[in-house]
Amino acid sequence: MASARAATRSILHRAGTALHRAGSALHRAGTALHRVRTAPAALVRHYRARHPHPVSELVRPPHPYGRALGRVAVVLIGAWLGLLAVGSVHVPVGPMDTRMTLRPSLTGGTKINVSPLGALELDSHTAPLRLDVTLDRLDPDRARALVDHPERIAGLQDEVTRDVQAGALDLALRSCVAVVLGAAALGLVVHRRPRRALAAGGTALALLVVCGATAYATWNPKSVLEPRFSGLLSSAPSVVGSARSIVTEFDAYQKELARLVTNVTKLYDATSTLPTYAPDPSTVRVLHVSDIHLNPASWHIIASLVEQYEIDVIVDSGDTMDHGTAAENRFLDPIEDLGAPYVWVRGNHDSMTTQRYLERLKNVHVLDNGRGVRVGGLRIVGIGDPQFTPDRSVVARGDPAERAAGDRLAAALREQRDKGAPVDIAVAHNPVAARRTDGLVPLVLAGHVHHPEMERLPGGTRLRIEGSTGGSGLRAVEDDEPDPVSASVLYLDRTTKRLQAWDEIRLGGLGLTTAEVSRHVPEENEPGATPSPPLTPGPSPASPERSPARSPRSSP
């Protein structure tokens with residue numbers, strides 16, 4: 001019995017031991033599981049203890065306002081790129097060819113560019129869009145149609161209104177398509193979701209429609225009465241009167257507009273039908289022009305003369321510009337395509353800015369400070385005008401400064417002669433400077449006084465003063481009788497480089513339609529004349545200039 005109890009106790013003890021071990025194992029397993037479950041939190045507590053920012057901030061989703069601003073930026077930038085891509089719409093407005101462009105702007109309004117004279121701005125509307133209108137050129141065919149049918153002038157205002165409305169509608173439709181495509185394309189690149197890309201395009205279209213509605217609601221037709229002028233047009237009110245006077249006296253201005261269109265067209269007709277000349281192959285033909293004064297019709301005249309007279313060299317004795325500003329420089333670009341080398345000296349209306357621009361153009365030879373060039377078989381030396389006096393705000397130093405410049409030119413001529421390379425033609429803008437070369441060169445060219453003249457100086461040098469190839473530019477409208485457009489073709493012997501003859505070409509200015517060409521032969525070249533004496537070196541004595549038939553039109 002005792003042995004049975006002992007055996008039972010032994011079994012129970014072993015079972016308890018086994019249960020205890022099993023409980024210990026479960027406890028250890030529970031502890032391990034607890035540690036596994038709490039490890040991330042511990043790691044987070046450990047990371048937070050060493051870093052002040054919570055871990056959740058590293059993966060915080062974007063703020064709703066940030067997303068909205070990003071989408072707005074995509075829409076605006078895409079719409080702007082679309083407007084840039086659409087470029088300009090070419091619109092014929094009456095006899096003019098224009099370009100219309102829509103651009104983003106904080107102030108709105110309309111800007112009309114009249115190159116190279118400047119621009120005028122109108123407070124036409126208040127919207128984040130600006131309308132740019134650029135006047136490119138006057139179409140000769142449409143202008144001639146107005147001349148041939150004067151009755152159309154009465155309906156010109158309505159025609160211009162219709163043309164502008166049609167151009168604005170075309171520009172609006174193109175702009176709508178451009179902003180939608182631009183915003184949608186950029187939205188697709190950024191978001192990479194077609195739905196968001198379409199939403200960006202729709203938003204851009206809605207913004208453009210809102211801007212257009214705002215412009216229409218704030219449209220101010222009276223803004224044309226108070227334009228803001230810039231560039232050379234800044235002086236326009238003092239020249240043509242205020243815009244209010246133009247509107248109140250529209251009938252009178254309409255008649256003047258018709259007369260202006262008529263005169264410009266007739267001037268083109270006259271220059272295109274100039275009499276031709278069969279040049280002698282033994283001569284070098286030099287076209288002398290001067291005092292263009294920013295008249296764009298001059299380039300057409302010069303190109304016509306170069307072609308018809310087979311010109312070898314063009315010599316411009318200065319005052320090509322009017323104020324010498326950088327805004328005028330684009331006016332000079334047609335020189336590259338005139339068909340002959342262009343030799344130029346600075347006039348008193350040409351600045352160093354003008355000179356530096358011309359130096360960069362191909363086919364142009366700028367002469368200054370006695371610098372020379374060999375072109376067309378001729379050695380030509382020139383000097384720029386020492387006085388830059390585009391208006392009366394600059395005090396001129398007068399003839400002493402011109403004589404000093406002429407003396408520097410004469411010194412350069414002596415230097416070339418002493419080197420055994422005598423100069424064939426000297427060029428200066430002012431005749432006072434040109435006279436200082438007497439006896440040192442066979443022919444000297446000048447301008448400045450706006451009327452042509454040929455003079456034989458005491459030392460044997462022949463001085464040719466050219467008139468205004470630009471018809472005095474804007475100054476042509478200051479007097480009752482407009483200045484003529486003039487130029488000269490000089491014929492030089494190819495061997496001796498001496499002047500054989502010259503043609504004076506004279507075209508009627510605005511309001512006149514005459515075109516005459518007169519041939520002149522130096523007296524020493526006439527049959528039976530005594531040969532010309534050799535040149536006498538040294539400047540001619542100071543003497544008053546020859547009095548012209550009418551007062552000179554030179555400007556300060």
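This is a predicted model: local features need pLDDT of at least 70, side-chain atom pairs count only at pLDDT 80 or more; totals for chains, interfaces and linings use all residues.
Visitor: What makes Arg464 and Glu504 a salt bridge?

Guide: The closest N and O atoms of Arg464 and Glu504 are 3.1 Å apart. A salt bridge is a side-chain nitrogen of Lys or Arg within 4 Å of a carboxyl oxygen of Asp or Glu, so the pair qualifies. Arg464 sits in strand β16 (residues 462-465) and Glu504 in strand β18 (residues 499-507), so this pair links distant parts of the chain, 40 residues apart. Strands here are DSSP runs of E with at least two residues, while helices are runs of H or I with at least four, and both are numbered from the N terminus.

Visitor: Why is Arg464 called buried, and what is Glu504 called?

Guide: Buried means under 20% relative accessible area, exposed means over 50%, and partly exposed is in between (1.4 Å probe, protein chains only). Arg464 has 0%, so it counts as buried. Glu504, at 23%, counts as partly exposed.

Visitor: How many salt bridges does the structure hold, and which residue pairs with Glu455?

Guide: The structure holds 12 salt bridges. Glu455 pairs with Arg435, their closest N and O atoms being 2.8 Å apart. Glu455 lies in strand β15 (residues 453-456) and Arg435 in the loop between α12 (431-434) and β14 (443-446), so the pair ties together parts that are 20 residues apart in sequence. Glu455 is buried at 10% relative accessibility, and Arg435 is buried at 9%.

Visitor: What are Glu415 and Lys419 called, buried or exposed or something in between?

Guide: Glu415 has 43% relative accessibility and counts as partly exposed, whereas Lys419 reaches 59% and counts as exposed. These two also form a salt bridge, with the closest N and O atoms 3.4 Å apart.

Visitor: What makes β11 and β15 edge strands?

Guide: The open sheet of six strands has the order β11-β12-β13-β14-β16-β15, with mixed pairing. Strands β11 (372-375) and β15 each pair on one side only, and they are the edges. The twist averages 20° from one strand to the next.

Visitor: How do you know that β12 and β13 pair?

Guide: Two strands pair if DSSP finds at least two bridges between them. Three bridges join β12 (residues 378-382) to β13 (residues 425-427), so they pair, and they run parallel. Val381 stands opposite Ala426 in β13. Helix α11 (residues 399-418) lies across β12 and β13, running at about 150° to β12. Axes are lines fitted to C-alpha atoms, for helices over the stretch in contact (heavy atoms within 4.5 Å), and angles run from 0 to 180 degrees between N-to-C directions.

Visitor: What makes a group of residues a nonpolar core, and which residues have the most contacts inside the largest one?

Guide: A nonpolar core is a set of buried Ala, Val, Leu, Ile, Met, Phe, Trp, Tyr and Cys residues joined through side-chain atoms within 4.5 Å. The largest has 32 residues, and those with the most contacts inside it are Leu287, Ile302, Ile314 and Tyr342. Helix α9 gives the most to this core, with six residues. Ile314 touches, among others, Leu287, Ile302, Val306 and Tyr342, not counting residues up to four places away in sequence.

Visitor: Why is Pro296 called exposed?

Guide: Pro296 has 56% relative accessibility, so it counts as exposed. Pro296 lies in the loop between β7 (283-289) and α9 (297-309).

Visitor: Where does UniProt place the feature "transmembrane region"?

Guide: The unreviewed UniProt entry places this feature at residues 68-91, 171-190 and 197-219. UniProt positions are in the numbering used here, feature names are shortened, and annotations may be inferred rather than shown by experiment. In the model, residues 171-190 are 100% helix and 0% strand, with end C-alpha atoms 28 Å apart. Residues 197-219 are 91% helix and 0% strand, with end C-alpha atoms 33 Å apart.

Definitions and conventions:
Residues are numbered from 1 along each chain as its sequence is written. Side-chain values use heavy atoms; hydrogens and water are left out.
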